[in-house]
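The following report describes the protein shown below, moving from details of its backbone to its helices, charged pairs and surface. Please keep the sequence and the structure in view while reading.

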Amino acid sequence: MASLTEDHPPIGIHDINDESKHKKLNTDVVERESGEREMGHSIHRSGSRPQLDLSKAAIQGNFEEKDPTILLPNQSDDISHLALDIGGSLIKLVYFSRHEDRSVNDRRKKSIKEIFGVSNGNRRSYPILGGRLHFVKFETAKINECLDFISSKQLHRGGLDARHWNSDAPDNENAVIKATGGGAFKFADLFKERLGVSIDKEDEMGCLVSGANFLLKAIRHEAFTHMEGQKEFVQIDTNDLFPYLLVNIGSGVSMIKVDGDGKFQRVSGTNVGGGTYWGLGKLLTKCKSFDELLELSQRGDNRTIDMLVGDIYGGMDYSKIGLSASTIASSFGKAISDNKNLEDYRPEDISLSLLRMISYNIGQDIILETSKCCCTVALCTVPEAQCMIYIAYLNALRFGLKRIFFGGFFIRGHAYTMDTISFAVQFWSKGDAQAMFLRHEGYLGALGAFMSYEKHGLDDLMISWMEKFVRKGTEITAPVPMAPPGTTGLGGFEVPSSKGDTLRSDASNLNVGVLHLVPTLEVFPLLADPKTYEPNTIDLADHGELEYWFTVLSEHLPDLVDKAVASEGGTEDAKRRGDAFARAFSAHLARLMEEPAAYGKLGLANLLELREECLREFQFVDAYRSIKQRENEASLAVLPDLLMELDSMNEEARLLTLIEGVLAANIFDWGSRACVDLYHKGTIIEIYRMSRNKMQRPWRVDDLDLFKERVLGLGEKKPHPHKKALLFVDNAGADVVLGMLPLARELLRRGTEVVLVANSLPALNDVTAMELPDIVAEAAKHCDILRRAAEAGGLLVDVMINAADVNKENSSSVPLMVVENGCGSPCIDLRQVSSELAAAAKDADLVILEGMGRSLHTNYNAQFKCDALKLAMVKNQRLAEKLIKGNIYDCVCRYEPASSDLQSSSLC
Ligand SMILES: Nc1ncnc2c1ncn2[C@@H]1O[C@H](COP(=O)(O)OP(=O)(O)O)[C@@H](O)[C@H]1O
Ligand SMILES: CC(C)(COP(=O)(O)O)[C@@H](O)C(=O)NCCC(=O)O
Ligand SMILES: [Mn+2]
C-alpha cells in the first residue's frame, strides 16, 4: 500500500478544491483556504489561558467532501491542540490551526513562538477570531511518518500543558498530547523518544462517545442517511438525541449505547469488522490499498460467488419466512461447489461479496443489540437463527434506540457500504430503526481525545459559557416535582354572583386590586406627570380583550397550582389549599367577566396582581421558589465565563451584547403560557441559545443606537455617563444573572451608580429584593467590579479585606444597591412604590424597566423626568400584534431621553 506521506509531502498542505483532485492526490490532509462561510454575529473570549471555543463550530467545504475541516469562528486565543487516536489499522490526528496561518511559506517564516503564541511578547494584544480543526490519518504501521508530520508542523508544541502556556518554560517541557486507542499505550515511549512529549491516555470508548456527541450536537450537516444512493442530511434535535446506538466499525466493531454526555455502555462488539474486510480482501484480491479494494467492489457482482436463496430453492423465493430468491443465503457459498480456484473469480466480485458479508453481519448484530439493550428479553439465549423471528415481537417491546450512528474508517463515505448497512438495518428492524452516518466517521475517537483537554487544566473553558448553560439548562428545564394527583388544578368552577355570598364564602377577605405591603406607598418621583400616568397599557374595558386574558389566565391555572402545591411540599394540606386557590381565583375571574369594574377600574396588571394576592391568601408564600433557585444556580455557574467573554469585546460590541443578553434572557418567564410550554418540551434553553446567538437587529422596537450614543458618545459627542440608574429587574435566573447584572456591571464600570429595584414579595418567578443580595454576593466572587460596588453599596462586607483597603476601594467605586419596590406583582404601578424606592429615585437620571410586566403591560407609555430604557421580549402573540405589530418573541428596546423634545421610538 502506498504510504500516506508519499501521497502528501511532510508538510503536506495542498489547496484542494474539488473532490476529483482530492482523489487523485489520495491525500487526507485537506486545508481549504477559500469558501469560508459567513458566521454571523460572534461572541468570543480571551483570557490569560488559552481556551478552545467550540461555539458555532461548522463544517467548511462542500457537502461531498470527506473529513472536511471544521471552522471554529469564535476561537480567539492562540491554541494549537493536537490529539490522536492510534488504532489497530490507522492513526487519526485532529489538530487546530488559526485562520491566518494560511500559507505554508508564511508559517515557515515565523518563529515557533510567533506561531504558537507561547511568548507573551509576541502574543496579540487583541483577539483575532477563527480557526479550524483539521483531520489527518496515517497507517498505524507507518507511525514514523505520522511522527514526521507532527514534527514538521510542530503540532506537538501546541500541546503544552495549559498551566505553562504563558510561562517561559523551555519548549516541550511538560508537553502533553492527548491520545486514545490502543496505540496510545503501545507507542507512548516512541512519542517521548521522537518528539519529547508525553502521551496522556484517554479512554477509547469515552472518546468515541464524546466525539460523536460533539459532532451530533454542534455541527450542522454532519449526520446523514444513505438509502439507495440518496444521501440526506439530518438535522439532529439535540433535545432528542439520546439514547442512540453508536456503531464504530474500525478494525473491529464496537456497539455503544449512548444515553447522554459521558453516559454510555459498550453493549457488544464483533471481531468481524473493517480489519477483516481489508485483511481478507488483501489476501484474496492482491489489492494494494483499502480504497482500491473498495473501488473494486463497485464493479463487482457477488452472485458469482455468494450462494443465494434462489440457488437453493430453484430460483424461487422462500416466501414463507420472507426471504427473496436474491437474498444471500451463504456468503462465498458458491465457492464450495463451483470447483474453481481463487484466480477464477474476479477480484471485483470477491471484494463485493466480502463487503456485503461484513456489512450484513454488522447490520444483523446491531439489530440484536438494539433489541437486547432496550428490552427485557435476554436475546443472547435465543439461537441466532430464531432471533430474526423474534424481531417483530421485540420491536414491540423496544423503546428508543431507533437511531444508529455509524463511525469508524471502514465506512469511508462509501455509498455502497452505507446502502448495504442501511438496507440491513431497515430489513431486520422492519423499518423501525434507521442507520445514520457521519461525515467525520473515522475521527470520533480523535475528536473525543481533542475535547478531553478540558479535563486537565483547561477545565470548563473548553466550551463556551452558553454551552455550559445549555448543559445546566437540562437541569433547570427538567420538570419540577409535580403535585401528586389529587388537585384538580382548576378547582370546581363556580361563578360567583356579583351580589350574592358565594364568592364571599371563599375569598371574601381578599383585598382585591389593592396591595398594601408597605405602609407608606408613594408616587415614584421620576414620573413626568403623575396625574396623567396610567400604569396599564391594555385596557380590559374592551370585552374581547378581557375574554382573551381570562382564557390565558384560566389555562395557566393548572400549571400554577401544580407549582404552588409542590412548593409547599405536595402535602394533603397544600393540595387542599391549591384547590381552594384555584376555585377562588376562577371565581374572581368569572365575576370580573360578568362585571369588569367589580373591584374598580380593571387593567391587565390588576388581573396579574389579583392572582398573586390570591396565592398569598391561601398561604402560598413563593410558588416558584425552587425553580428560581435552580435557575439562579445554573446561571451563576456560567456568569464568570460570560463576563470574560464580554470583557474581550470592544465597548460597542459589548453594549450590544449586553442588551441582547437582557432581551434573550427575558424568555425565562414562568408566567407566559408559551414559555411554560417551551419549558415542558425542554426547548426553552435551545430557544434561549438561538436568540442569544442569532438575535438579529433591528428588533421590533429598536432605539439601541440612541441609547448607545448617550452612553458611548458619537464622533465629537463625548460619552456622558449617567449619574445613577434604577434598574427594575424582573425574573430570577438567567434574566437577572446573565441579563441585568452584567448590564449593571457595565454601568458601574462607566461610573454610574446602580440601584437594583426588585419586588418586595414574590410574584411568579420574579426575583425579590430579599433574594438579590445573595445573588449579587455570589456574582461578586467572580468579578471585582461587582464586588467593589457591592461593598460600596453596603451589600457585601468582606471580612477578608482590612479596613484600610475597604476604604480605599470604596472611595474608588460607585455603589451598587438593592431596594424593594413595594410590590408583589409582575407589573408595577408607579403611583404606589416603597418609600425606599422613592428616596433612591430622587437623584437618578436613568430608569431601566425590564420584562413584559414592568415595561409592556405596565409603563410602556409611561413618561419619565429622566432617561428611560424599556427592555422586554414579548412572549405573547396577541400582545406582540397589538402593541408592536410584531410576533411572539420579538423584542423591545425603547429608549426615551429625558429631554423635552422626546424622540418617538422607532418601530421597525
Ligand atoms: N486508507 C485506509 N487504510 C487502511 N484501512 C482503511 C483505510 N481506509 C479505511 N480503512 C478501513 O478502516 C479500518 C480502520 O478503521 P479505524 O476506525 O481507523 O479503526 P482502528 O482505530 O481500529 O484503526 C480498516 O480496518 C479498514 O477496514
Ligand atoms: C406575567 C408576565 C407579565 C411575566 O412576564 P415578565 O415580566 O417576566 O417578562 C407574562 O408572562 C405574561 O404576560 N403572561 C400572561 C400571558 C401569556 O401567558 O401569554
Ligand atoms: Mn417576571
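**Backbone features**

P243 is located in the loop between β9 (230-233) and β10 (244-249). Helices (H or I, at least four residues) and strands (E, at least two) are DSSP runs numbered from the N terminus. The peptide bond that leads from F242 into P243 is cis, with omega near -10°.

The structure is a predicted model, in which local features need pLDDT of at least 70 and side-chain atom pairs count only at pLDDT 80 or more, whereas totals for chains, interfaces and linings use all residues. Residues are numbered from 1 along each chain as its sequence is written, chains are lettered from A and ligands numbered from 1 in the order in which they are written, and side-chain values use heavy atoms, with hydrogens and water left out.

Another cis peptide bond runs from R697 to P698, with omega near 0°. P698 belongs to the loop between α25 (684-694) and β18 (701-702).

Most residues other than glycine have a negative phi, and most peptide bonds are trans. N339, which is not a glycine, has a positive phi near 55°. This residue sits in the loop between α12 (334-337) and α13 (347-372), and N339 is exposed, at a relative accessible area of 76%. Here buried means under 20% relative accessible area, exposed over 50%, and partly exposed in between (1.4 Å probe, protein chains only). L764 also has a positive phi, about 45°, without being a glycine. The loop between β20 (753-758) and α28 (772-780) contains L764, which is buried, with a relative accessible area of 7%.

**Overall composition**

The protein contains 33 helices and 25 strands. It has 908 residues, of which 57% count as buried. Its accessible surface comes to about 36100 Å², and carbon and sulfur atoms account for 52% of that area; such areas come from the Shrake-Rupley method with a 1.4 Å probe, and for residues only the protein chains shown count as cover. Among contacts (heavy atoms within 4.5 Å) between residues at least 6 apart in sequence, 72% join residues at least 24 apart.

**Helices α19 and α20**

How do the axes of α19 and α20 cross? The axes of helix α19 (residues 543-567) and helix α20 (residues 572-594) come within 10 Å and cross at roughly 175°. Axes are lines fitted to C-alpha atoms, for helices over the stretch in contact, and angles run from 0 to 180 degrees between N-to-C directions. The two helices α19 and α20 are therefore roughly antiparallel, a term for angles over 145 degrees, with under 35 counted as roughly parallel, 65 to 115 as roughly perpendicular and the rest as oblique. From α19, the residues that meet α20 include F550, L553, L557 and L560, and those of α20 that meet α19 include F581, F585 and L589.

D559 also lies in helix α19. D559 counts as buried because its relative accessibility is 11%. Apart from neighbours within four places in sequence, D559 contacts Y624, W670, V676 and H680. The C-alpha atoms of D559 and G671 are 9.9 Å apart, although 112 residues separate the two along the chain.

**Salt bridges**

The structure holds 47 salt bridges, each defined as a side-chain nitrogen of Lys or Arg within 4 Å of a carboxyl oxygen of Asp or Glu.

| Pair | N to O distance |
|---|---|
| K563 and D559 | 2.9 Å |
| K724 and D843 | 2.8 Å |
| R787 and E791 | 3.4 Å |

K563 and D559 are separated by about one helical turn because they are four residues apart in helix α19. Both K563 and D559 are buried.

K724 pairs with D843. K724 is buried, at 6% relative accessible area, whereas D843 is partly exposed, at 36%.

R787 and E791 are both in helix α29 (residues 784-792), four residues or about one turn apart. R787 is buried at 17% relative accessible area, and E791 is buried at 7%.

A network of salt bridges links D647, E651, R654, R745, E746, R749 and R750.

**A nonpolar surface patch**

Which residues form a nonpolar patch on the surface? I312, Y313 and M316 do, with about 320 Å² of accessible area together. Patches are made of residues with over 30% relative accessible area and no salt bridge; like charges are joined within 9 Å and nonpolar side chains (Val, Leu, Ile, Met, Phe, Trp, Tyr) within 5 Å. I312 lies in helix α11 (residues 309-312) and counts as exposed, at 52% relative accessibility.
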